[in-house]
2 protein chains.
Amino acid sequence: MEISEFSLTIYPMFDFSITAKNNRARAGVFSTPHGELVTPVFAPVGTQATVKTLTPEHLKNINASLVLSNTYHLYLRPGDELIRDMGGLHKFMQWPNPMLTDSGGYQVFSLSDTRKIDDDGSTHRFTPEKSISIQENLGADIIMAFDECSDPNDLAYSKIAMDRTHRWAERSVNAKTRPDQALFGIVQGGVNPDLRAESAQFIASLDTPGIAIGGLSVGETKEEMHNTLDIVIPLLPEIKPRYLMGVGTPEDLINGIARGVDIFDCVLPTRLARHHSAFTPEGRLNMMNATFSRDSRPLDEDCDCYTCLTFTRAYIRHLIVAKELLAGTLLSIHNLRALIRLVAEIRSTIMAGTFESHVDGWLAQWGGNAERKLKNI
Amino acid sequence: MEISEFSLTIYPMFDFSITAKNNRARAGVFSTPHGELVTPVFAPVGTQATVKTLTPEHLKNINASLVLSNTYHLYLRPGDELIRDMGGLHKFMQWPNPMLTDSGGYQVFSLSDTRKIDDDGSTHRFTPEKSISIQENLGADIIMAFDECSDPNDLAYSKIAMDRTHRWAERSVNAKTRPDQALFGIVQGGVNPDLRAESAQFIASLDTPGIAIGGLSVGETKEEMHNTLDIVIPLLPEIKPRYLMGVGTPEDLINGIARGVDIFDCVLPTRLARHHSAFTPEGRLNMMNATFSRDSRPLDEDCDCYTCLTFTRAYIRHLIVAKELLAGTLLSIHNLRALIRLVAEIRSTIMAGTFESHVDGWLAQWGGNAERKLKNI
């Protein structure tokens, strides 16, 4: 175990301090204009300027600190200029704490060819400059360089997309003007070790206060994800926070933190909630199951969320069967709180220097035996 | 203006005190095993053991005191015996304050012929004894005699339904066993003055701690509703609380209170909310309207609800356009709070003896000129 305490002021309005390390896992504090993020941190996703079915009060009550919103969706509806004119994204959705926006690149490429993206069917041409301009109108604390995420199984395309992502990262850095926003470059390169190493070195060479790792959790195997993190992260500067985009499951968080990731986001907890699934110590439970019809226990007896402190499994199952929307709200509160509690628990072991002794237990609880490859890192 | 202070203990666990009267309008307190209701009171409807899209916390924060739930729906799903075994309806849905259940009669007659009512398509035979047994399993503080609501335009059927309702009311009184539940008889008779007078006298003769007026807001005109109340209420004992079922709009509340009604319930505020409509001082607004896209005001600048204290009209419109469920939650909070505030404001004028001087103003704000018939009562 190694503990180091140091801090580097990267941009005048941002600061990242690493308070403790256990092998590659780290606990830190990332200061932003809207408050401090204690890392590792898991960010709920509020795609359309709302974490689906939840109020900001709910998010505060589960101790959420960072919320992600999607640039492409907000650009289409209600429009980034409207949000700017209404005082910016924090004020518009009444989230006073740190926020992050993605670049829109993922949605431009994944959605624009497969669906009609606005009423007149027009397409929207995104450029690095346009993505940054939109993100500056939105006003999140952490913003992303415009990038292209490739199919991990297509090596030739991964190379083209990576090169494009690098050129766009430079243009994004040059386009950025607001001092109160931290721009993160994004490492791409599919699952090819050489491309990933090249991308990590290139993105690390840019003057950005943080670095994102994109293009994972998009169809590759868990082993490919872990191998990619094992290649990329050692090439990144220690003093910049690392954000693993769109990840993940509880076991992905454990494995990511063990490899040195500081920031995560994922729609999974809220999406599962709307499909009746709950994170519990017994595993992921489908709460529509008749087994729960007279179950007077909370979802998780050790959980401190409003749902678990208030309602039985029987009631939640009734709401699901009766197609009541409150089911999605209550399960979203719980699933998000479960991940936020897990990350907080992990952080406390990093602070105590005992992280590695807990990893097998967490993986057994959250990921099962299939995930027990951590010892190899 | 007349002020009277008296109290009658009807059942050992219930008490109704009238604190102030202005002509026929009255302010009172109805004590139940789960707490006091200050009357007049408006009850949100939680059909399936949940006020749609809201948590009990939301309901407490808007100062809701009485919540209604529907016997027929709960009998079908999740079942009244399940709710009994889980500790009763209050505990099941975690509403610690007074509750009311209807008899199921309305749904038996309105729904059973037009839809398949459970998975095997079987029909469910309700009787007064069965309705009371189900309501005793549910355990609400206020329960209803089994009744039949008739088409107001069918005189012959109204007579048959009324006679049946009277026989069923007697059987309901005889079937009831729990001392911690107040059974209300229900006045029927369509819109025929003679039937309504006969029904009022019959129901008033029964030994029940409260009286409901059913069969209104089901297709009759406003004038017919008011005339019916003008016939029925003077025939009811002063010392029993009066509950006008399934009513209503803000103007219906004002007109009902003026005629001596103490308790109301209606799905309107939450149903309108889910259809994007907001009660405001400017009238009922469709918040999907593009007019609101950059409107930085709250729904109602004078409202103290979470929605109005937190969000702009522009944000609510965005949620609606983006099909985000939070829109229904935020509008439900506001619409319910608007009616609860209106009733509280009305009560304070009854206490101050100034009710009648405010009626025209309220009706002008809430109901428009068409409703200004109050002076004729």
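This is a predicted model: local features need pLDDT of at least 70, side-chain atom pairs count only at pLDDT 80 or more; totals for chains, interfaces and linings use all residues.
Is H276(A) exposed, partly exposed or buried, and how many C-beta neighbours does H276(A) have inside 10 Å? H276(A) counts as partly exposed, because 19 C-beta neighbours lie inside 10 Å.

Next, select T53(B), another non-glycine residue with a positive phi, again near 75°. You will find T53(B) in the loop between β5 (41-43) and α1 (56-61) of chain B. T53(B) has 24 other C-beta atoms within 10 Å and is therefore buried, the cut-off for that class being 20 or more.

Now turn to the cis peptide bonds. In chain A, display the backbone at V247(A) and G248(A), which are joined by a cis peptide bond with omega at about 15°; G248(A) belongs to the loop between β11 (242-244) and α10 (250-258) of chain A. In chain B, move to R77(B) and P78(B), where the peptide bond is likewise cis, with omega near 10°, and where P78(B) lies in the loop that separates α2 (71-76) from α3 (80-85).

Stay in chain B and select strand β3, residues 25-32, together with the strands that flank it in the pairing described here. Six of the eight residues of β3(B) are buried, so the strand is largely enclosed by the rest of the structure. With β2(B), residues 15-22, β3(B) pairs in the antiparallel sense over seven bridges, and within this pairing I18(B) has G28(B) as its bridge partner. The hairpin of β2(B) and β3(B) has two residues between the strands, and N23(B) there takes a positive phi near 55°. With β4(B), residues 35-39, the pairing of β3(B) is also antiparallel, over five bridges; here F30(B) stands opposite L37(B), and a hairpin through two residues joins β3(B) to β4(B).

Finally, show both chains and select the contact between them, to which chain A and chain B contribute 30 residues each. On the side of chain A that touches chain B, at least two residues come from each of α3 (80-85), α4 (89-93), α13 (313-321) and α14 (326-352). The element that gives the most to this side is α13(A), with five residues. If you colour the chain A side by residue class, the division is 14 nonpolar, eleven polar and five charged.

Terms used
Residues are numbered from 1 along each chain as its sequence is written. Chains are lettered from A and ligands numbered from 1 in the order in which they are written. Helices (H or I, at least four residues) and strands (E, at least two) are DSSP runs, numbered from the N terminus. A residue is buried if 20 or more other C-beta atoms lie within 10 Å of its own, exposed if 12 or fewer, and partly exposed in between; C-beta atoms are placed from the backbone. Two residues are in contact if their C-beta atoms, placed from the backbone, lie within 7 Å. Ala, Val, Leu, Ile, Met, Phe, Trp, Tyr, Cys and Pro count as nonpolar, Asp, Glu, Lys and Arg as charged, and the others, Gly among them, as polar. Two strands pair if DSSP finds at least two bridges between them.
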